[in-house]
Amino acid sequence: MHKELEGLQINPVHEKGVTSVSKFHRRPHTYVSQVDLKVTDIERSLAFYQNVIGLKVQGHTAKKAILSADGKTPLLTLEQPENVIPKQRRTTGLYHFALLLPSRQDLGKILQHFMDTRYPLQGASNHIFSEALYLADPDGNGIEIYADRPPATWPWKNGLLVAASEPLDVESVLAETNGGEWNGLPTGTVMGHLHLHGSELKHIKEFYQEGLGFDIVINIPDQALFFSTGRYHHHIAVNVWNGIGAPTPPENSVGLMKYSLVFPNEEARERVRIKLNRLGYDVQRGNGGFQTKDPSGNRIQLRL
């Protein structure tokens, strides 16, 4: 096995000079950089994520793979556990992960690609602050692919973003392509945000706001909270749409394994570690940094 595939964990690149689509996904902000998923058939998933989504394989063993848009910066890790079972309904975990494209033109190109290949979409929305396509991988893991509207146009009111979900103007988005062809995800694609299923919201609010230091930017009362740093529309969202008290799925179930949060510096991460410990949350030193779990059992790697 090549050295870079040992444990299939490649540290993300965040230094100056690396292509970045968004000021909200680099220092000094805290943001999601990578999502690790469990799948039932690694080869089937690799075919989907390469041919349908347009990611590149950065590293690959018999049961694990690392995928990126630029060949250098990991965005997604796939793993086929032993005795894997299908995605369990009405549990906590992944609602969807969201890939942020550099431009509306890129959104038009991948939309045309989905139409040409007739891959079924689950939705297409104009959220005012972004325009998004929704689909699922062969295991039912939710995916959003989106492009942001200019931040100056985002509708803020009393410190919160006004949430909306209008139909996407498909013809307008397709017109942006100007006949350009889809050639996979563009280099500037990043992990834009992560949306999770939770078991309740009171302790989720405490964990993400008081513990991790995120701001609440959208609040759908009794349903969902959206968190970010730097006034982004959201880096993380948590909903209770699978029911209050939803259980954590079995370890060998398809779905979210963990996700990675990147902090701007060691001091910021250490402050978070101390805050989480004071709130009663366990933080352990682990592979490439510290690891913890949110109150709904979603695993998080705290990285630099």
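Not counting residues up to four places away in sequence, L212 touches F207, L261, F263, V272, L276, I300 and L302, where contact stands for heavy atoms within 4.5 Å. The model described here is a predicted one, in which local features need pLDDT of at least 70 and side-chain atom pairs count only at pLDDT 80 or more, while totals for chains, interfaces and linings use all residues. Residues are numbered from 1 along each chain as its sequence is written, and side-chain values use heavy atoms, with hydrogens and water left out.

L212 also belongs to the largest nonpolar core, which has 60 residues, and the members that touch the most others are Y49, I53, F97, Y208, L212 and Y259. Helix α1 gives the most to this core, with 6 residues. Apart from it lies another core, of 16 residues, including A98, A132, W154 and I218. A nonpolar core is here a set of buried Ala, Val, Leu, Ile, Met, Phe, Trp, Tyr and Cys residues joined through side-chain atoms within 4.5 Å; buried means under 20% relative accessible area, exposed means over 50%, and partly exposed is in between, with a 1.4 Å probe and protein chains only. In soluble globular proteins, nonpolar side chains tend to be buried together.

Helices (H or I, at least four residues) and strands (E, at least two) are DSSP runs numbered from the N terminus, and two strands pair if DSSP finds at least two bridges between them.

## Strand β12 and its partners

Strand β12 (residues 190-197) is mostly covered, with 8 of its 8 residues buried. Strand β5 (residues 93-100) is joined to β12 by 7 bridges in the antiparallel sense, and within this pairing H193 of β12 is the bridge partner of A98. With strand β15 (residues 236-239), β12 pairs in the parallel sense over 4 bridges, and here H195 stands opposite A237 of β15.

## Two packed helices

Two packed helices are described by the angle between their axes and the distance between the axes. Helix α1 (residues 42-53) and helix α2 (residues 104-117) pack at an angle of about 115°, with their axes 10 Å apart. On the side of α1 the contact is made by N51, V52 and I53, and on the side of α2 by I110, H113 and F114. These residues divide into 4 nonpolar, 2 polar and no charged, where Ala, Val, Leu, Ile, Met, Phe, Trp, Tyr, Cys and Pro count as nonpolar, Asp, Glu, Lys and Arg as charged, and the others, Gly among them, as polar.

Most residues other than glycine have a negative phi, and most peptide bonds are trans. The peptide bond from R27 to P28 is cis, with omega near 10°, and P28 lies in the segment before β1 (31-38). R118, which is not a glycine, has a positive phi of about 60°; R118 is placed in the loop between α2 and β6 (123-126) and counts as exposed at 75% relative accessibility. R231 has a positive phi near 65°, lies in the loop between β14 (224-228) and β15, and is partly exposed, with a relative accessible area of 47%.

H29 also has its place in the segment before β1, and H29 is buried, with a relative accessible area of 15%. Leaving aside neighbours within four places in sequence, H29 is in contact with K23, F24, T229, G230, V262 and P264.

Methods: Axes are lines fitted to C-alpha atoms, for helices over the stretch in contact, and angles run from 0 to 180 degrees between N-to-C directions.
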